[in-house]
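Below is a note to be read next to the model, arranged as numbered points.

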Amino acid sequence: MLVGCDGTAQKPFGHLDTSIVRESSGLSLSGADPDFFWTHNDSGDTPRIFAVNQHDPSQSRTITISGARHVDWEALERWAPDRLIIGDFGNNHSLRDDLRLYIIKEPDPRTATTARVERTIAFRYEDQTSKLGKRNYDCEAMIVRNGTIYLLTKHRSDTESTLYRVDPEADLARVVGSRELGDKVTDAAIDPKERYVAVLTYSDIWLFDLKGVGEN
């Protein structure tokens with residue numbers, strides 16, 4: 001049984017066809033049609049996303065993304081009203097040197113079968129000077145605030161998380177700060193009015209108030 005923040009039992013919102021969506025790794029409400037959510041598989045899939053109709057599963061569809069590779073997709077967010085960002089930055093062993101963000105125009109979830117990458121942002125973490133050492137450069141959490149992309153890392157050697165701001169012009173993820181969260185970060189989301197950030201770990205949900213917080 002699922003339990004909400006107020007202690008009341010929660011009903012399942014819906015179900016995914018696990019023969020297609022084997023491991024849903026990112027989730028975002030469609031800006032084009034609020035009846036749909038976008039999701040994608042974790043590593044091991046082809047470059048594609050899924051439009052999931054929350055009211056009628058028979059209307060759900062698969063959209064193939066051209067111009068992208070699927071190494072380890074971990075997150076999906078809206079970057080603008082009509083743009084989506086796909087985060088290919090799963091990095092379990094902190095050995096990857098091909099971390100990518102793919103920006104696409106949001107397809108029509110009712111009719112589209114394909115979409116293409118409009119922009120690819122390749123990046124590295126500015127404080128990772130070697131592939132050796134601590135395995136703290138994995139990531140499964142991305143948020144967008146005022147058009148700026150932020151990543152929260154999933155440390156493999158401790159239970160802190162580092163917040164990075166992506167600088168597309170420098171191909172860098174720049175350190176904003178870090179915090180002890182008591183467990184490994186697996187996702188994050190910002191509310192539509194950009195007042196709060198929810199950070200999910202294996203054991204807790206942290207809620208951070210953004211009131212008075214600037215961009216730096």
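1. Basis of the note. The model is a predicted one, in which local features need pLDDT of at least 70 and side-chain atom pairs count only at pLDDT 80 or more, while totals for chains, interfaces and linings use all residues. Residues are numbered from 1 along each chain as its sequence is written, and side-chain values use heavy atoms, with hydrogens and water left out.

2. Aromatic pairs. The structure holds five aromatic pairs, a pair being rings of Phe, Tyr and Trp (its six-membered ring) with centres within 6.5 Å, called stacked if the planes are under 30 degrees apart, edge-to-face if over 60 and tilted for the rest. The rings of Phe 123 and Tyr 125 have centres 5.7 Å apart and planes at 90°, and the pair is therefore edge-to-face. Tyr 125 also forms a tilted pair with Tyr 164, at 4.7 Å centre to centre and 55° between the planes. Because Tyr 125 lies in strand 11 (residues 124-125) and Tyr 164 in strand 14 (residues 160-167), this pair ties together parts that are 39 residues apart in sequence; strands here are DSSP runs (E, at least two residues), numbered from the N terminus.

3. Surroundings of these rings. Phe 123, Tyr 125, Tyr 137 and Tyr 164 form one aromatic cluster. Phe 123 counts as buried at 6% relative accessibility, Tyr 125 counts as buried at 1%, and Tyr 164 is likewise buried with a relative accessible area of 1%. Buried means under 20% relative accessible area, exposed over 50%, and partly exposed in between, with a 1.4 Å probe and protein chains only.

4. Nonpolar cores. A nonpolar core is a set of buried Ala, Val, Leu, Ile, Met, Phe, Trp, Tyr and Cys residues joined through side-chain atoms within 4.5 Å. The largest has 18 residues, and those with the most contacts inside it include Phe 123 and Tyr 125, as well as Phe 89 and Met 142. Strand 9 (100-105), strand 12, strand 13 (148-154) and strand 14 each give two or more residues to this core, with strand 12 giving the most, three residues. A second, separate core of 16 residues includes Ala 51, Ile 65, Ala 68 and Leu 76.

5. The loop between strand 8 and strand 9. Phe 89 lies in the loop between strand 8 (83-88) and strand 9, and Phe 89 is buried, with a relative accessible area of 0%. The C-alpha atoms of Phe 89 and Asp 72 are separated by 6.3 Å, although these residues are 17 residues apart along the chain. Ser 94 is found in the loop between strand 8 and strand 9 as well; its phi is near 55°, a positive value in a residue other than glycine, and Ser 94 counts as buried at 1% relative accessibility.

6. Strand 5 and its partners. In strand 5 (residues 48-53), six of six residues are buried. Both faces are covered, with Arg 48, Phe 50 and Val 52 on one side and Ile 49, Ala 51 and Asn 53 on the other. Strand 5 pairs with strand 4 (residues 36-41) in the antiparallel sense over four bridges, where pairing requires that DSSP finds at least two bridges between two strands. Phe 36 stands opposite Asn 53, and the two strands form a hairpin with six residues between them, with Gly 44 in the turn having a positive phi of about 95°. Four bridges also join strand 5 to the antiparallel strand 6 (residues 61-66), in which Thr 64 is the bridge partner of Arg 48.

7. The largest pocket. How many residues line the largest pocket, and which are closest to its centre? There are 33 lining residues, and the closest to the centre are Leu 27, Ser 28, Glu 77, Ala 188 and Ala 189. The residues of the lining divide into 17 nonpolar, seven polar and nine charged, where Ala, Val, Leu, Ile, Met, Phe, Trp, Tyr, Cys and Pro count as nonpolar, Asp, Glu, Lys and Arg as charged, and the others, Gly among them, as polar. Strand 7 supplies the largest share, seven residues. A pocket is an open set of points, on a 1 Å grid over the protein atoms alone, where a 1.4 Å probe fits, with protein on both sides within 12 Å along at least five of seven lines; lining residues have an atom within 4 Å of a point.
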